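My notes follow in the order I took them.

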Amino acid sequence: PMVFTIRNIGTARLGKLNAVISGAHRRDFIVSKPKRSFLNPGQAMTIRVSFKPLKKGTRSARLLIRSNDANENPFGIRLTGTGR
């Protein structure tokens with residue numbers, strides 16, 4: 001699995017944290033649930049994404065990290081993998 005770190009570098013509480021997979025091949029990627037629903041300034045946590053392809057070939061989706069951040073909600077990360 002890949003590990004992603006969510007870090008609050010702001011000055012206010014980052015809340016309503018949730019992580020989901022979207023896109024054409026979303027079922028090929030599995031995301032762990034965030035251990036916390038908020039981060040205070042300076043705090044961080046990790047989430048894991050595993051790739052379990054259902055078919056051969058290039059598979060793609062997006063990891064969406066949702067929160068109460070007014071500027072980046074959701075924050076998206078493109079995911080790709082190759083099923084064999």
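I started with the largest nonpolar core, which has 17 residues. Ile 47, Leu 63 and Leu 79 have the most contacts inside it. I then listed the elements that give two or more residues to this core: strand E1 (2–7), strand E2 (18–22), strand E3 (29–31), strand E4 (44–51), E5 and strand E6 (75–83). I keep in mind that this is a predicted model.

Next I looked up the neighbours of Leu 79. Leaving out residues up to four places away in sequence, Leu 79 touches Phe 4, Ile 21, Phe 29, Val 49, Arg 59, Ser 60, Ala 61, Arg 62 and Leu 63.

Arg 59 was on that list, and I followed it up. Arg 59 lies in strand E5, residues 57–66. Is Arg 59 buried or exposed? I noted a relative accessible area of 11%; the limit for buried is under 20%, so Arg 59 is buried. The side chains of Arg 59 and His 25 are joined by a polar contact of 3.4 Å. Beyond four places in sequence, I found Arg 59 touching His 25, Asp 28, Phe 29, Phe 51, Pro 53, Leu 79, Thr 80, Gly 81 and Gly 83.

I searched the whole structure for aromatic pairs and found one. Phe 29 counts as buried because its relative accessibility is 7%. Phe 51, at 30%, counts as partly exposed.

I also checked for charges over rings. Phe 38 has the charged end of Arg 13 over its ring, 3.6 Å from the centre. The charged end of Arg 36 also sits over the ring of Phe 38, 4.9 Å from its centre.

Last, I took down values for the whole chain. I counted zero helices and six strands, in the pattern β-β-β-β-β-β along the sequence. The C-alpha trace spans about 45 × 20 × 15 Å along its principal axes. Of the 84 residues, 31% count as buried. Among contacts between residues at least 6 apart in sequence, 60% join residues at least 24 apart. The chain exposes about 5,800 Å², and carbon and sulfur atoms supply 49% of that area.

Key. Residues are numbered from 1 along each chain as its sequence is written. This is a predicted model: local features need pLDDT of at least 70, side-chain atom pairs count only at pLDDT 80 or more; totals for chains, interfaces and linings use all residues. Side-chain values use heavy atoms; hydrogens and water are left out. Helices (H or I, at least four residues) and strands (E, at least two) are DSSP runs, numbered from the N terminus. Buried means under 20% relative accessible area, exposed over 50%, partly exposed in between (1.4 Å probe, protein chains only). A polar contact is a pair of N or O atoms within 3.5 Å; within protein, one must be able to donate a hydrogen and the other to accept it, and residues adjacent in sequence count only if both atoms are side-chain atoms. Contact means heavy atoms within 4.5 Å. A nonpolar core is a set of buried Ala, Val, Leu, Ile, Met, Phe, Trp, Tyr and Cys residues joined through side-chain atoms within 4.5 Å. Rings of Phe, Tyr and Trp (its six-membered ring) pair if their centres lie within 6.5 Å; planes under 30 degrees apart count as stacked, over 60 as edge-to-face and the rest as tilted. A charge sits over a ring if NZ of Lys or CZ of Arg is within 6 Å of the ring centre and within 35 degrees of the ring normal. Accessible areas come from the Shrake-Rupley method with a 1.4 Å probe; for residues, only the protein chains shown count as cover.
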